[in-house]
Amino acid sequence: MSQVELALFLESAVRLGIPLALAAMGETITERSGVINIGIEGSIIAGALGGSLGAIAFGGAGLGVAFGALTGLLVAFVFAVFAIGLGADQIITGTAVTIGGLGMTGALYQVVFGVNGMELSVPMLAPAAIPWLSDIPVIGSALFAQAPTAYFAYVMAPLAWYVLFKTAWGLELRATGEAPVAAEAAGVRVRAVRFSATLFGGAMAGIAGAHLALAHAGAFAENMSAGKGFIAIAVVALGRWNPIIVLFAALFFGGASALQFLLQALGFDLAYQIFLAFPYILTLAALAGWVGKSQAPAALALPWEPNR
Amino acid sequence: MSQPFVRLQGIKRRFGLIQALSGADLDLYSGEVHGVLGANGAGKSTLFNVLGGLVSPDSGGIEVEGSSVKLRSPRDAWARGIGLVHQHFTLVPALTVRDNLRLGVRGHSLTAAVAAAEAKMERTGLRVPLEANVSELGVGDRQRTEILKALLRDPQVLILDEPTAVLTPEEADGLFSVLKDLARDGRAVALVAHKLDEVLAVSDRLTVIRAGRSVMTAPRSQVSVRELVAEMIGDGIADEVAMGGQAGSSSDSVAVGTVQVPGGASAASPSTERGRMVVASLVGVYADRLKDVKLEVRAGEIRGIAGVEGNGQHDLALILSGRKSPSLGLANIPKEVAFIPQDRHAEGLVADFDLTENVALALSRMAEFGSRVMMPWGVLRGEAERIRAQFEVVAPSVETRAQLLSGGNQQRVIIGRELALKAPMLVAENPTRGLDVAATSYVHGELLKLASEGVAIVLISTDLNEVLRLADRVSVMTKGRMVEVSESQKTREGVGALMLGGGEASN
Amino acid sequence: MTLGVAAVLLMLGGYDPVQAAAAMLRGSVGSWNTFVSITLVRAVPLLFAGLAVALAFRAGVWNIGAEGQLYVGAVAGVWVALTFTDLPGPFLVTSALTASVVAGGAWALVPALMKLRLGIGEVITTILMNFVGIYLAAWMVHGPLQERRGVFPQTDRIVDAARLPELISGTRLHLGFALALVLAGMLAFVLQRTRFGFHLRAVGASPAAAVVAGRIDTNRVILLTFLASGAIAGLAGGVEVTGLTYALYEDLSDGWGYTAIAVALLGGLRPGGVIVTAIFFGALQAGAGAMQRDAGIPAAWVDVVEALVILAVLGLDRIRAARVGHHAGEEAL
């Protein structure tokens, strides 16, 4: 394997891993508060459409990303109203939000661009190479010649870790996810914490979606999220609910996905679909290898009602 | 006296079919310790939870410093200077003691909070390991952490619900002196405690609650124990039974000497039990919380196991009843063991199931109730009807869901069901906790009757009086080990010394 | 209310809601034949998958993996149907369906063991298994099982002997619908009348009480339930290929495994309720096709309606629960 091939592999590993990292980091915060939002798939696809429309409307990819974050947040808001406000089952609500998000974006897309989905021309989020760092051999271009959203993910991981483990707000968040009754008794506003953590998760998923549309594809396509929200939830478990490990877990999954390019380049003749399935199998194996039950927040997915 | 700091008036609150509070009043003045008395289930905890913002009243008024307030959450209560130390622990197990102490406290820096905690610990003698995870702590340390957590917030009113149940007498004394200091500093303190004498010793004023209503408030100096007990129990047991087994007095009142249980431990003298068949035995048994336990249970005896909570009794109960295998050692137990678990809600009943289904939960194991494949619902329903009638379960029908019943009635269902198993042994774990006087004496009577019929009974209880009154032989559990109590030690003081000799659980 | 929201959304999208509703009704219940040949036919896989999910959820097993189990069931069914063509009629189709049952169960075995042995939550593992199952089917139709000419991503059509007979002559409704109804009846019977069903419900309602009061082997119940759920979802795939499509396609399922979650929950996790909601969702999907065809409204709108229906039911349920009042409970808490 040549250095060029390796560099290409790493570059695509990071590129494929970044949207997962963004979404999974948001979901980590959400799950730490005791809420599992499988509706982030809906936030991602909404972020992809919102990001595209925003980029066109405001004539810039940067504002597009911000608009994508907002749409992702809006979708998470719907989830939060039902799952947290009304205490409805989180899995069902998440399923509904995913179905609705996929349908809504598909329908809106056709409303805006016609039934056949006339090709969108969207301002792209161009890679921005960081001087010096991107010149490091092999890993430099892989890590530091990516779209700006990638750098956002690099910064968010330690930041989210710090907030989660070193601040009063992070303590309240973790307490809420571990023992909501105890947190409430200590004066924590459990619903408010869960609400904001869920909205943050939605915004991050929206950014992930905007990244897909603006940095990868340069266009919106129906169902372009392709289950990335679901994978992000697996990545959260793989990353043991720790934002920094989650970043690496997302890159690991990206690497597993990128293996197809590498192996094909190396002359392995395996069916394309097997390569596609490979990251999922690897993730299952990795979960079996090193994630225990005790890692998950104790009150994950349990609805909570205050003041009986 | 001047205006009370907190005034509760005509508080009513209903849970499902149960009217927990039906017009409770409570005035708390700055500078005094106020003892709240009442049978278990009289409504004390609900009243305290209303004050702490955990439960909203259906009606009634709350005034703080003369102005009417609504306490919608513990946060609201804290903001008014009201701090509640719960009967049930409300710590986050996955976090350290330090994190738990500073949880929800804003505006303090971490180091300041720790320094404050250490200063408090020094002053009060309530020492806890700050860096340990709460999940690793014994119940005593957890209780101390709860109290510290409340003290750290410097409340104007401190309410404590059963704070001494898991403390040693020395620790309880330490706590009481802290409470008196607080009152001297001009704070108001309200207290519910397990032991009547403790409350009497520390309180300046007393309020008695019965059946959800405040029936008496008086300075400590102006009432006698006899009067208080009379008020707690009311016109008699009939009242409470009439209102549907609504929770009532625990064995505390037994300690006060108001209830006579038919029979009594003296009926079976130690000499007669020799030669009876050994029904179950444990040799060198180890489990998560058990160390080298040896035990022999004979037919027709009540084997009492006393001890401060959290010393391995639950593991012992699960192993003796065949619900769990020891990690090491030999457990010889009958194939079927009737079991009255401590936690009715989580382990004894399926809250969502109706009475018939809850009865079926155990009885469907018996050969006479159908094949291995089918559920004979007709027969089981009949059996549930029989249990409802015989054990006087107050429920509209056998189709009533278990969660709608009061604690006493839930316990009757469990006892009726387990007795129907006709097992050679019964394991009862704190079987009267949270039950009223009538229900308690009923349960005690059933246990004695069963023993006289030749059933081997293991009575595991944190209530020393209960164990001493009913048991033929008594052992004490401390830190997962079992010590048999000799005949000469079989007194309150003797067993108490053994219970505390090993200290409270630390693992 | 849902209809109102849907109408407003449609108007915002520039469509005529009345026209949309008319097309929707015409396409789902417009005539006997429409109802039977389109709505009921669409309902069949939702019915099987919905029963699979309902059964699992009743035991507290969060099987989100019906989609993947359905695909491997379809793969196994088609493989048997294409391979053992010498078998006489009833045997061949029975063998194909048996294979899909086994395959679906096997697919559920992986997350079941990961849950019971390693303590890894089944929500995550079943979702991952879905992707693996979908790609497995995709590989099959591009590779080992691709049709003879090797042009289209699909298998050859299965022989007549491997096909389920039609249920009502002259319609597309096949025997699979009757099988689903029978299965629903059986499940209702199992849940209410049998010891295993009682244990299953106890484990789902309170695992601790199931162990302590019922002395139930919860691991065994969870394992068996997981396998049964996977097997039924596998059958959904098997029935679809032997009853309707007669071949395996890459995108055989339109997310039925996920819609099944809604079907199961809105059906109150009861087999009888699942029948009703499956037919309702079948009608929605049938109507969506007509809406697109007749009124030019994208079928994606029906997903929006589906989501709104789920949310409306969830919301109403929660609001009703809040009205009934405070939780019943004990004073001591």
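In this predicted model, C:R58 belongs to helix α3 of chain C, which spans residues 32-58. Leaving aside residues up to four places away in sequence, C:R58 touches C:L191, C:L200, C:R201, C:G204 and C:L269. A further reference point is C:F226, which stands 168 residues from C:R58 along the chain; the C-alpha atoms of C:R58 and C:F226 are separated by 11 Å.

From this site the description turns to the contact of chain C with chain A. Chain C contributes 42 residues to the contact, and chain A contributes 41 residues. On the side of chain C that touches chain A, the elements giving two or more residues are α5 (89-118), α6 (122-142), α11 (256-266) and α13 (300-324) of chain C. Of these, α13(C) provides the largest share, with 13 residues. Sorted by class, the side of chain C that touches chain A comprises 28 nonpolar, eleven polar and three charged residues.

Chain B may be considered in terms of its domains. Its assignment divides the chain into domain 1, covering 6-234, and domain 2, covering 265-501. The C-alpha centres of domain 1 of chain B and domain 2 of chain B lie 32 Å apart.

Terms used:
Residues numbered from 1 in each chain as written. Chains lettered and ligands numbered in written order. Predicted model: local features only at pLDDT ≥ 70, side-chain atom pairs only at ≥ 80, totals over all residues. Contact = placed C-beta atoms within 7 Å. Helix = DSSP H or I, 4+ residues; strand = E, 2+ residues; numbered from the N terminus. Nonpolar A, V, L, I, M, F, W, Y, C, P; charged D, E, K, R; others polar. Domains from an automatic or database assignment.
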